[in-house]
Amino acid sequence: MIAASGWLAIVILAAIAIFLFFNATRSFEEVGLWKMVSGEFWYPTSDPAQYGFLPSEAGSLWVTIVGLVVCVPLGVMSAIYISEFASRRFKDIAKSLIEFMAAIPSVVFGLIGLALLVPWTQKLFNLDTGLTAFSAGVMIGILTLPTIVSIAEDAMHAVPQDLRMGSLALGNTRWQTAYKVIVPAASSGIFAAVMLGLGRAIGETMVVLMLAGNSGLIPSQPFVSARTLPGTIAGELGEVIQGGQHYSVLFAMGLVLFVVTFLVNLAADSVLERQRRRWRR
Amino acid sequence: MVERTQTDGAFELVDVSVSYGNEMAVGGVTMSIPEHAVTALIGPSGCGKSTLLRCLNRMNDELGDVTVDGTILLDGQDIYARTMDPVELRIRVGQVFQKPNPFPMSIYDNVAYGPRTHGLRGKAELDAVVEESLKRAALWNEVKDALKKHAFELSGGQQQRLCIARALATEPEVLLMDEPASALDPISTQQIEDTIAELKESVTIVIVTHNMQQAARISDRTAFMLRESMDRPATLIEIGETRMMFTNPGDKRTEAYITGRFG
């Protein structure tokens with residue numbers, strides 16, 4: 001029974017890949033995979049239609065980079081504070097608030113972004129529109145924060161108290177103890193936290209749909225409107241003919257996204273595994 | 001090497017009490033701990049030995065909700081005075097814990113950890129401190145060709161001697177040891193005890209131990225602590241020359257404990 005449920009996960013994963021692949025076959029035959037992945041123009045409704053993924057890929061890249069720049073330092077620092085410095089009372093309150101924050105639907109973050117972040121971005125950087133990869137990235141960074149904080153905090157919390165006491169007893173301050181012993185000892189967990197955050201940021205759909213502006217051009221920097229892979233799929237799937245060429249192209253895009261997130265997780269796993277082996281010795 | 005004004009590392013405790021929250025765990029301890037000697041704290045479990053030990057380097061401060069009353073002087077200096085920085089104190093008063101707790105890094109980095117924090121940077125100087133400390137902890141011969149090896153690759157006994165070396169690297173005047181051999185096999189215990197015997201030439205050692213034979217073997221002075229009932233704090237029953245304590249104790253309760261009638 002347990003073995004069966006273990007296999008079930010693998011079967012479902014394979015089923016998703018196969019399902020995406022079959023729905024995307026038409027686009028492979030009629031457009032070609034390489035032409036889509038490396039195509040510069042996304043004009044699905046012009047004649048002849050052009051299905052280049054590069055605008056969405058570049059947009060995803062910018063949004064994710066901005067998101068990580070926001071959430072990694074902030075998240076790791078809050079985790080250090082909560083784990084190593086905060087009083088027990090503050091820690092309990094902060095941890096439950098963070099879990100609550102993780103439960104807020106992303107559309108709410110999108111609304112807040114539209115009301116505050118978008119106009120601020122426009123004014124602050126003197127842009128034509130605040131609907132940019134930057135605004136979406138910042139909001140995604142905030143959205144991803146709880147994931148990173150809680151996993152990184154768990155990792156630091158799991159470092160044996162003995163090590164903490166050993167460092168303090170050698171005349172180190174709490175801060176020195178945190179960055180010289182606790183963070184290195186918890187580095188694999190912190191890395192896992194960042195990778196999970198990355199996975200979340202790449203796949204996040206609603207916030208980019210609302211904040212990124214969904215332009216069809218390839219963004220060369222984050223302060224312009226952009227679209228992302230999940231944003232394009234979600235935004236257009238409702239308007240296409242089922243089984244049509246455009247429909248099939250969106251499935252190919254889904255397949256690309258699936259492969260990218262799969263590779264990110266695989267990379268994270270192999271690093272974690274290597275760390276774990278080193279620890280075991 | 002770090003220059004320091006030569007002090008001896010003698011403690012004077014006057015009416016020291018320790019409370020966890022509202023509950024007093026240790027009450028009214030007055031005793032002297034002479035320099036360059038081994039003082040053993042013995043007594044049954046829960047008698048406050050470790051709690052008292054942690055007062056001497058103010059590690060109780062880190063546990064939260066612990067209050068220490070009374071006076072503790074280290075070479076005449078009040079270590080709970082407002083002007084005393086616990087971080088500075090812990091450079092002078094090192095500690096070795098019950099379970100070996102090497103940091104997840106190389107043998108070399110473990111020993112160099114303290115000196116690096118306190119500003120020693122030169123490679124030659126660090127090399128010298130690491131070698132000296134490992135020699136004093138009687139580990140040098142076993143690891144001198146493998147200083148880059150991860151500390152977790154050492155055996156339990158070696159790890160504990162590494163922790164002793166790590167504590168010695170900041171050149172403390174006092175070394176506190178909280179049952180340092182209780183997690184080790186007899187041979188490793190023997191090695192730790194030999195190390196302690198050599199170290200007392202240069203540092204004051206205060207050791208908590210459950211093992212009365214160990215206290216008798218290695219210590220010069222022995223303090224016996226006891227918590228006689230759960231609604232009263234633990235107290236110091238008596239302290240004296242180890243030989244006297246084990247052959248002709250002044251108090252009946254000490255005699256009962258060392259002859260194995262309780263605890």
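Read along its sequence, chain A runs α-α-β-β-α-α-α-α-α-α-α-α-α-α, a total of 12 helices and 2 strands. Helices here are DSSP runs of H or I with at least four residues, strands are runs of E with at least two, and both are numbered from the N terminus. This is a predicted model, in which local features need pLDDT of at least 70 and side-chain atom pairs count only at pLDDT 80 or more, while totals for chains, interfaces and linings use all residues. Residues are numbered from 1 along each chain as its sequence is written, and chains are lettered from A and ligands numbered from 1 in the order in which they are written.

The C-alpha trace of chain A spans about 75 × 55 × 30 Å along its principal axes. Of its 281 residues, 42% count as buried. A residue is buried if 20 or more other C-beta atoms lie within 10 Å of its own, exposed if 12 or fewer do, and partly exposed in between, with C-beta atoms placed from the backbone. Two residues are in contact if their C-beta atoms, placed from the backbone, lie within 7 Å. Among the contacts in chain A between residues at least 6 apart in sequence, 74% join residues at least 24 apart.

One helix pair in chain A is helix 3 (residues 54–85) with helix 9 (residues 187–203), whose axes come within 9 Å and cross at roughly 145°. Axes are lines fitted to C-alpha atoms, for helices over the stretch in contact, and angles run from 0 to 180 degrees between N-to-C directions. The crossing of helix 3 and helix 9 of chain A is right-handed; a crossing is right-handed if the near helix is turned clockwise from the far one by less than a right angle, and left-handed if anticlockwise. Helix 3 of chain A brings A:Ser60, A:Thr64, A:Gly67, A:Leu68, A:Cys71, A:Val72 and A:Val76 to the contact, and helix 9 of chain A brings A:Ile190, A:Val194, A:Gly197, A:Leu198, A:Ala201 and A:Ile202. By class, this contact has 9 nonpolar, 4 polar and no charged residues. Ala, Val, Leu, Ile, Met, Phe, Trp, Tyr, Cys and Pro count as nonpolar, Asp, Glu, Lys and Arg as charged, and the others, Gly among them, as polar.

Elsewhere in chain A, the peptide bond from A:Asp47 to A:Pro48 is cis, with omega near 0°. A:Pro48 sits in the loop between strand 1 (42–43) and strand 2 (50–51) of chain A.

Where chain A meets chain B, the contact takes 15 residues from chain A and 24 residues from chain B. On the chain B side, helix 2 (86–92), strand 6 (93–96), helix 3 (107–117) and helix 6 (156–168) each supply at least two residues. Helix 2 of chain B gives the largest share of that side, 4 residues. The chain B residues that touch chain A divide into 9 nonpolar, 9 polar and 6 charged.

Helix 6 of chain B has 13 residues and reaches 18 Å from its first C-alpha to its last, close to the 18 Å expected at 1.5 Å a residue, where the expected span is 1.5 Å times one less than the number of residues. Because 12 of its 13 residues are buried, helix 6 of chain B is largely enclosed by the rest of the structure. Its buried residues pack against strand 6, helix 3, helix 4 (123–136), helix 5 (140–143), strand 7 (174–178) and helix 7 of chain B.

The axes of helix 6 and helix 7 (residues 186–199) of chain B come within 9 Å and cross at roughly 20°. That makes the two helices of chain B roughly parallel, a term for angles under 35 degrees. Their crossing is right-handed. B:Gly156, B:Gly157, B:Gln160, B:Arg161 and B:Ile164 of helix 6 meet B:Ser188, B:Gln191, B:Ile192 and B:Thr195 of helix 7. The residues of this contact divide into 2 nonpolar, 6 polar and 1 charged.

B:Ala167, also in helix 6 of chain B, counts as buried, with 27 C-beta neighbours inside 10 Å. Leaving aside neighbours within four places in sequence, B:Ala167 is in contact with A:Leu170, B:Gly94, B:Gln95, B:Val96, B:Pro172 and B:Leu175. B:Ala167 and B:Gly94 are 73 residues apart in sequence and 5.4 Å apart in space, C-alpha to C-alpha.

B:Asp65, which is not a glycine, has a positive phi of about 60° and is exposed, with 10 other C-beta atoms within 10 Å. B:Glu179 has a positive phi near 45°, but counts as buried with 21 C-beta neighbours inside 10 Å; B:Glu179 lies in the loop between strand 7 and helix 7 of chain B.

How values were computed. Angles under 35 degrees count as roughly parallel, over 145 as roughly antiparallel, 65 to 115 as roughly perpendicular and the rest as oblique.
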